[in-house]
Amino acid sequence: MSMDLAVWSQTPFKLPEQLPEPANWEEHHGEWTFGGEGWQVLVLEATDEPESIVSERLTGAAYVAYVSLEPIGATKDAYVLLERAVRSLAKSSDGIWVDSFGEAHLANEGSFE
């Protein structure tokens with residue numbers, strides 16, 4: 001199992017530049033990964049139709065970065081990186097992120113606990 005989140009933007013993302021520690025991310029077939037001992041964070045950029053909760057918070061949202069942490073039972077360090085990646089993408093793209101409950105947040109809003 002994994003923890004799956006999404007970051008939405010009106011403009012394309014610039015990966016890996018918009019991620020924390022950009023030099024430590026590796027690209028594999030269009031997906032960016034950052035791994036630790038027994039875990040990894042993955043980022044996949046796409047274009048998609050946003051759900052209504054996204055459209056209500058960010059008019060014109062068309063670009064999404066799906067951010068996942070595998071496995072869901074990863075260490076605290078893995079969750080810290082997940083949060084840093086999601087908040088960094090949302091902040092640098094003037095976007096929003098969607099938590100695991102389907103709630104949309106600005107970069108500095110919401111909780112990862």
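Trainee: Where is the place of Pro71?

Mentor: In this predicted model, Pro71 sits in the loop between strand 5 and helix 2.

Trainee: Which bond joins Glu70 and Pro71?

Mentor: Start with the general idea: most peptide bonds are trans. Glu70 and Pro71 are joined by a cis peptide bond, with omega at about -10 degrees. A cis peptide bond also joins Leu15 and Pro16, where omega is about 5 degrees. Pro16 belongs to the loop between strand 1 and strand 2.

Trainee: Is Asp94 buried or exposed?

Mentor: Exposed means over 50% relative accessible area. Asp94 is at 65%, so it counts as exposed. Glu21, with 36%, is partly exposed.

Trainee: In what order do the seven strands form the sheet?

Mentor: The sheet is open, its order is 2-3-4-5-1-6-7, and the pairing is antiparallel.

Trainee: How many bridges join strand 3 to strand 4?

Mentor: Six bridges link strand 3 (residues 31-36) with strand 4 (residues 39-47). Gly35 has Gln40 of strand 4 as its bridge partner, and Gln40 in turn has Glu70 in strand 5. Eight bridges join strand 4 to strand 5 (residues 63-70). In the hairpin of strand 3 and strand 4, two residues separate the strands, and Gly38 takes a positive phi near 85 degrees.

Trainee: Which residues have the most contacts inside the largest nonpolar core?

Mentor: In soluble globular proteins, nonpolar side chains tend to be buried together. Here the largest nonpolar core has 24 residues, and those with the most contacts inside it are Val7, Leu19, Trp25, Trp39, Val43, Val67 and Leu89. Helix 2 gives the most to this core, seven residues. Leu19 touches residues including Trp25, Val43 and Leu89. A second, separate core has nine residues, among them Ala6 and Ile96.

Trainee: Which strands does helix 2 lie across?

Mentor: Helix 2 (residues 76-92) lies across strand 1 (3-9), strand 3, strand 4, strand 5 and strand 6 (96-98). Helix 2 runs at about 175 degrees to strand 5.

Technical notes: Residues are numbered from 1 along each chain as its sequence is written. This is a predicted model: local features need pLDDT of at least 70, side-chain atom pairs count only at pLDDT 80 or more; totals for chains, interfaces and linings use all residues. Side-chain values use heavy atoms; hydrogens and water are left out. Two strands pair if DSSP finds at least two bridges between them. Helices (H or I, at least four residues) and strands (E, at least two) are DSSP runs, numbered from the N terminus. Contact means heavy atoms within 4.5 Å. Axes are lines fitted to C-alpha atoms, for helices over the stretch in contact, and angles run from 0 to 180 degrees between N-to-C directions. A nonpolar core is a set of buried Ala, Val, Leu, Ile, Met, Phe, Trp, Tyr and Cys residues joined through side-chain atoms within 4.5 Å. Buried means under 20% relative accessible area, exposed over 50%, partly exposed in between (1.4 Å probe, protein chains only). Lists of a residue's contacts leave out its neighbours within four places in sequence.
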